[in-house]
Amino acid sequence: MASGSAARDQVADLLAPVLAQSGLDLESVDLTPAGRRTVLRIVVDADGGVTLDQLADTSRTVAKLLDAGDVMGAGSYTLEVTSRGVDRPLTEPRHWRRNVGRLVKVVHADGSQLLGRVTAADEQSAELDVDGTPHQVDYARVAKARVQVEFAKMAPADEGEPGEELDDTDTTDQPDDGDNHSTYDTYDDTDKEG
């Protein structure tokens, strides 16, 4: 296996076209040594998000491609396939487009900051609603931008007043024995043969 950025580039060159055929964008490839193994983390995204089924299918496809070729060399590796998540920076126009409606903190190259909701995005800029006032954000002027996590569950447009939080606690069917009745599924994907 090639080292450092050359290896990442080889993996990206191999995977990007195949992932694109599945409607996925290859966001990043990270190779991290972990003892005798290498951890290969593939980050993907798509318009409308990525489902768990898509991640599982992608993991199988990527594993087959890597095992069929020599891009990872003869050493052992652990493959992780994940979606972008909300903690990744907005660095491409598609990231902004996929986050229309979300609250974003923008730090401009000159140090000024904006906190607003993305209302529109194109290939050159995005529009943010900052306290009711529209602001144009040119991507070329952005030093850093991240989606802000919002925890309040908002009422749908046809329920309650705008900004009214919902109480979605339904206690009608819950046992009253003080026990936590969560269900956990355990998956063991180790090879059962020999």
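## Salt bridges

A salt bridge here is a side-chain nitrogen of Lys or Arg within 4 Å of a carboxyl oxygen of Asp or Glu. By that rule, the side chains of Arg-84 and Asp-45 meet in one, at 3.8 Å from N to O. The two ends sit 39 residues apart, with Arg-84 in the loop between E3 and H3 and Asp-45 in strand E2. Both are buried: Arg-84 has 9% relative accessibility, and Asp-45 has 10%. The model is predicted. It holds 13 salt bridges.

Arg-94 pairs with Asp-25, with the closest N and O atoms 3.6 Å apart. Arg-94 is in helix H3 (residues 93–97) and Asp-25 is in strand E1, so this bridge ties together parts 69 residues apart in sequence. Arg-94 is partly exposed at 23% relative accessibility. Asp-25 is also partly exposed, at 24%.

Glu-27 and Arg-98 form another bridge, 3.9 Å from N to O. This pair spans 71 residues, from Glu-27 in strand E1 to Arg-98 in the loop between H3 and strand E4 (103–108). Glu-27 falls under the 20% cut-off for buried, with a relative accessible area of 19%. Arg-98, at 21%, counts as partly exposed. These residues belong to a network of salt bridges that links Asp-25, Glu-27, Asp-45, Asp-47, Arg-84, Arg-94, Arg-97 and Arg-98.

## Overall fold

The protein chain has three helices and eight strands. In sequence order, the pattern is α-β-β-α-β-α-β-β-β-β-β. Of its 194 residues, 26% count as buried.

In soluble globular proteins, nonpolar side chains tend to be buried together. Here the largest nonpolar core has 20 residues, and Val-11, Leu-40, Ile-42, Val-44 and Met-72 touch the most other members. At least two residues come from each of helix H1 (4–21), strand E1 (25–34), strand E2 (37–45), H2 and strand E3 (77–83). H1 gives the largest share, four residues.

Ala-20 also lies in helix H1. Ala-20 is partly exposed, at 49% relative accessibility. From Ala-20 to Val-44 is 24 residues in sequence and 10.0 Å in space, C-alpha to C-alpha.

## Helix H2

Helix H2 covers residues 52–68. Its 17 residues, at 1.5 Å each, should span 24 Å, and the end C-alpha atoms are 24 Å apart, which agrees.

Which residues of H2 are buried? They are Leu-55, Thr-58, Val-62 and Leu-66. These four cover an arc of only 65° around the axis, which puts them on the same side of H2. An α-helix has 3.6 residues a turn, so residues three or four places apart point the same way. The face turned away from the buried side carries exposed residues: Asp-53, Lys-64, Asp-67 and Ala-68.

## Surface features

Val-86, Val-149 and Phe-151 make a nonpolar surface patch of about 330 Å². Phe-151 lies in the segment after strand E8 (142–147). With 77% relative accessibility, Phe-151 counts as exposed.

Asp-131 stands in the loop between strand E6 (125–130) and strand E7 (133–138). Most residues other than glycine have a negative phi. Asp-131 is not a glycine, yet its phi is positive, at about 50°. Asp-131 is exposed, with a relative accessible area of 79%.

Technical notes. Residues numbered from 1 in each chain as written. Predicted model: local features only at pLDDT ≥ 70, side-chain atom pairs only at ≥ 80, totals over all residues. Heavy atoms only, no water. Expected span 1.5 Å × (residues − 1). Buried < 20%, exposed > 50% of the residue type's maximum accessible area, 1.4 Å probe, protein only. Arc of directions from axis to C-beta. Patch = residues over 30% accessible without salt bridge, like charges linked within 9 Å, V, L, I, M, F, W, Y side chains within 5 Å. Areas by Shrake-Rupley, 256 points an atom, 1.4 Å probe, with all protein chains shown as cover. Core = buried A, V, L, I, M, F, W, Y, C linked by side-chain atoms within 4.5 Å.
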